[in-house]
Amino acid sequence: MSAHVILITGASSGFGALTARALADAGHTVYAGMRHTAGRNAPAVAEARAYAVEHEVDLRTVELDVSRQESVDAAVASVTEEAGRVDVVVHNAGHMVLGPAESFTPEQLAEIYDTNVLSTQRLNRAVLPQMRERRDGLLVWVGSTSTYGGTPPYLAPYFGAKAAMDHLAKSYAVELSRFGIDTSIVVPGSFTSGTNHFAHAMHPADTATAEAYDELYEGLMDDVGKRLAALSPPDADVGEVARTIVAVVDAPRGERPFRVTIDPADDGSEQVSDVADRVRAGFYDRIGFPDLLTTRSPAEG
């Protein structure tokens, strides 16, 4: 296995922080991207630095606000100047919501879509030119089982955004395959502990409409997390997501899985996505482009 230079978004906590540490432990040079490195996330920066020293690994942090193109461009430029290149991008940044769909304003939906979807486009546009030039690279997209599995109530804006990201990833996969750039979608289920998704969830701005739903759905918002937690086995380990991403990164180019699901609650996502991905492969065969589903090696030109 060769060491890679890896940039992760949303790496101040949760999946992102766990993945940054796991990839550094595996011998890679890892840049944990996060906002407000000199302010709110200064403790996360200090923790990453302490981890790197204690474990003698190459874990670094970089200021990266995925909502601002200038910040994304600056982060990619900084990593490239310091490390020489970016081999792998892990699209991890995301934002959860909790509340009735009607009670979120259009502006809130746009914010959720921006964090979960548009952020990936900003980073891709910044990093893909160097990957295309080298004919090498890997995009890892951290999705959600909600795209193909169960969709409990009061999470609609998040589910919609994650589904959009999944479809964007599928299109990028075929459009980048001839450039020798791999794509893998890692699909976590509803881990209700070990992350800050629910604790940091966005709540409706239109509180009057949210309260109107209490007439028939009183307590439902609080119950969603509890019901999801009850589905997960007691030994569900959020660290499995990080270990899966390490395995994807360490796999040989062209042999990396297109999709891997880690779902302790077993909400049906894996079964449905297996069918969907087979249909996709069959369709590409019917239209005469099966090669687009396989990453091209440098020897193939």
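Residues are numbered from 1 along each chain as its sequence is written. Because the model is predicted, local features need pLDDT of at least 70 and side-chain atom pairs count only at pLDDT 80 or more, whereas totals for chains, interfaces and linings use all residues; side-chain values use heavy atoms, with hydrogens and water left out.

The model contains an open sheet of 7 strands in the order β3-β2-β1-β4-β5-β6-β7, with parallel pairing, where strands (E, at least two residues) and helices (H or I, at least four) are DSSP runs numbered from the N terminus, and where two strands pair if DSSP finds at least two bridges between them. The edges are taken by β3 (59–63) and β7 (259–262), each of which has a single partner strand, so one side of each is left without a neighbour in the sheet. From one strand to the next, the twist averages 20 degrees, with axes being lines fitted to C-alpha atoms, for helices over the stretch in contact, and angles running from 0 to 180 degrees between N-to-C directions.

Strand β4 illustrates the pairing in detail. The parallel strands β1 (residues 5–8) and β4 (residues 88–91) are joined by 3 bridges; isoleucine 6 stands opposite valine 88 in β4, and isoleucine 8 has valine 90 of β4 as its bridge partner. Strands β4 and β5 also pair in the parallel sense, over 4 bridges, and here valine 89 has leucine 139 in β5 as its bridge partner. Val88 and Val90 point one way from β4, while Val89 and His91 point the other way, and all are buried, that is, under 20% relative accessible area, as against exposed at over 50% and partly exposed in between (1.4 Å probe, protein chains only).

Helix α8 (residues 239–250) packs on the sheet, touching β1, β4, β5 (137–142), β6 (181–188) and β7, and its direction makes about 165 degrees with that of β6; contact here means heavy atoms within 4.5 Å. The C-alpha atom of arginine 243 is separated by 9.7 Å from that of alanine 26, although the two residues are 217 apart along the chain. Alanine 26 lies in the loop between α1 (14–25) and β2 and is partly exposed, with a relative accessible area of 24%.

Grid points are joined across faces, edges and corners, and a volume is the space filled by probe spheres set on the points. A search of the whole structure finds 1 cavity of 30 Å³ or more, and the largest cavity holds about 30 Å³ of space. Its lining consists of Thr9, Val66, His91, Asn92, Ala93, Ser119, Thr120 and Leu123, to which helix α4 (residues 106–134) gives the most, with 3 residues.

The second largest pocket holds about 340 Å³ of space. Of its 26 lining residues, Met96, Ser144, Tyr158, Gly189 and Ser190 are the closest to the centre. The elements giving two or more residues to this lining are α5 (156–176) and α7 (220–231), and the largest share, 3 residues, comes from α5.

How values were computed
On a 1 Å grid over the protein atoms alone, a cavity is a set of points where a 1.4 Å probe fits but cannot get out, and a pocket is an open set with protein on both sides within 12 Å along at least five of seven lines; lining residues have an atom within 4 Å of a point.
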